[in-house]
Amino acid sequence: MTRGTADQEFRTAYRILKYLSENPDAQDTLEGIVEWWLLDRLTEGHAARVKEALAELVGADLVLERRGKDSRTYYKINRRKLKDISALVRKTH
């Protein structure tokens, strides 16, 4: 991963956490996150970057993923980590 790609992934992860800290009841699919939470155009590049950021956030146990009845993957905040996420967002901003 190049420095520019890592910076973009970090910014994307930050934007996801910021959205979730402000909207803790939110949950959506990859496509919904790109289009609605981040207000980006859904392109292959955006989707790939968001998918990588989500994988990092899930790996850090900050975001939870679950398989819906429609077999799609949904993402939401790990409520047990909400205080940590809010502090991280404030610190990073």
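Reader: Is Arg 80 buried or exposed, and at what relative accessibility?
Author: This is a predicted model, in which local features need pLDDT of at least 70, side-chain atom pairs count only at pLDDT 80 or more, and totals for chains, interfaces and linings use all residues. Residues are numbered from 1 along each chain as its sequence is written, and side-chain values use heavy atoms, with hydrogens and water left out. Buried means under 20% relative accessible area, exposed over 50%, and partly exposed in between (1.4 Å probe, protein chains only). On that scale Arg 80 counts as exposed, at 70%.

Reader: Which residue meets the side chain of Arg 80 in a salt bridge?
Author: A salt bridge is a side-chain nitrogen of Lys or Arg within 4 Å of a carboxyl oxygen of Asp or Glu. For Arg 80 the N to O distance is 3.6 Å, and the partner is Asp 61. The pair links distant parts of the chain, 19 residues apart: Arg 80 is in the loop between E3 and H4, and the loop between helix H3 (44-59) and E2 holds Asp 61.

Reader: Which parts does the salt bridge of Asp 25 and Arg 79 tie together, and how many residues apart are they?
Author: The two side chains meet at 2.2 Å, N to O. Asp 25 lies in the loop between helix H1 (3-22) and strand E1 (27-28), and Arg 79 in the loop between strand E3 (73-77) and helix H4 (82-92), so the parts tied together are 54 residues apart in sequence.

Reader: What is the relative accessibility of Arg 72 and of its partner Glu 31?
Author: Their closest N and O atoms are 3.0 Å apart in a salt bridge. Arg 72 is in the loop between strand E2 (63-67) and E3, while Glu 31 is in helix H2 (residues 30-37). Both count as partly exposed: Arg 72 at 37%, Glu 31 at 33%.

Reader: In what order do the elements run from the N terminus on?
Author: Helices (H or I, at least four residues) and strands (E, at least two) are DSSP runs, numbered from the N terminus. The protein has 4 helices and 3 strands. Their order is α-β-α-α-β-β-α.

Reader: What is the radius of gyration of the protein?
Author: The radius is taken over C-alpha atoms, and the globule rule is 2.2 Å times the number of residues to the power 0.38. For 93 residues the rule gives 12 Å, and the value found is close to that, so the protein is as compact as a globular protein of that length: 13 Å.
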